[in-house]
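Dear colleague,

Please find the structure below, together with its sequence. A short account of the findings follows it.

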Amino acid sequence: NSFCTLLVGRRRRRQHVPDMDDDRVRSIVQTLEDGCAQIEQELQTINADLQHAAVCVRRYGDVYVAPLRYLTQLRDNKLLRYKEIIAQLEGLKTQLDCSNALLASLSTAQPLALVPAAAPVASPGSRR
């Protein structure tokens, strides 16, 4: 058994590492991107409704303050979720880039050669 096999074997016993194929990764990315697109559309609608609610507060008074607060909180929650999705997509891209760089370095790496130990060099002030 190689060191890598032993290390991976130990890790797999501690935590399950799911098998990820290309289709599964594409599905995850597509789902996250679809979620972003949906939230962007919802934010456009919420922002338009916020503008309308602000007009209603000015025209009709405090009765429209509660809907204005609700829409503001809804927008903030949607923005938070949007930022989480973007962070996940950026993280996936970074991980893929790092993995590709590692694979490239592995395929171009020179095999390690054992270098014989050099004979000790006597310092100028020492006598033998």
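**Findings**

Gln51 lies in helix α2. Please bear in mind that the model is a predicted one, and that every value in this message was computed from it.

Overall fold

The chain contains 3 helices and 0 strands, and its elements follow the order α-α-α along the sequence. Of the 128 residues in the chain, 9% are buried.

The pair α2 and α3

Helix α2 covers residues 22-60 and helix α3 covers residues 65-108. Their axes come within 9 Å of each other and cross at roughly 160°. How are α2 and α3 oriented, parallel or antiparallel? An angle over 145 degrees counts as roughly antiparallel, and the two helices are therefore roughly antiparallel to each other. The crossing of α2 past α3 is left-handed. Sorted by class, the residues in the contact of α2 with α3 comprise 21 nonpolar, 4 polar and 7 charged ones.

Gln51, the residue named at the outset, counts as exposed, because its relative accessibility is 59% and the cut-off for exposed is over 50%.

Is Cys36 buried or exposed? With a relative accessibility of 7%, Cys36 counts as buried, since buried means under 20%. Cys36 and Lys83 are 47 residues apart along the chain, and their C-alpha atoms are separated by 9.0 Å.

Cysteines

How many disulfides does the structure hold? The number is 0. A disulfide is a covalent bond between the sulfur atoms of two cysteines. Turning to individual cysteines, Cys56 counts as buried at 8% relative accessibility, whereas Cys98 counts as partly exposed at 46%.

Aromatic rings

The structure holds 1 aromatic pair. It is formed by Tyr60 and Tyr64, whose ring centres are 6.0 Å apart and whose planes stand at 50°, so the pair is tilted. A pair of aromatic rings is described by the distance of the centres and the angle of the planes. As for accessibility, Tyr60 is exposed, with a relative accessible area of 54%, while Tyr64 counts as partly exposed at 32%.

In summary, the model shows α2 and α3 as roughly antiparallel helices in a chain of 3 helices and 0 strands, with 0 disulfides and 1 aromatic pair.

With kind regards

Methods. Residues numbered from 1 in each chain as written. Predicted model: local features only at pLDDT ≥ 70, side-chain atom pairs only at ≥ 80, totals over all residues. Heavy atoms only, no water. Axes fitted to C-alpha atoms, helices over the stretch in contact; angles between N-to-C directions. Helix = DSSP H or I, 4+ residues; strand = E, 2+ residues; numbered from the N terminus. Parallel < 35°, antiparallel > 145°, perpendicular 65-115°, else oblique. Left-handed = near helix turned anticlockwise from the far one by under 90°. Nonpolar A, V, L, I, M, F, W, Y, C, P; charged D, E, K, R; others polar. Buried < 20%, exposed > 50% of the residue type's maximum accessible area, 1.4 Å probe, protein only. Disulfide = S-S within 2.5 Å. Phe/Tyr/Trp six-rings, centres within 6.5 Å; stacked < 30°, edge-to-face > 60°.
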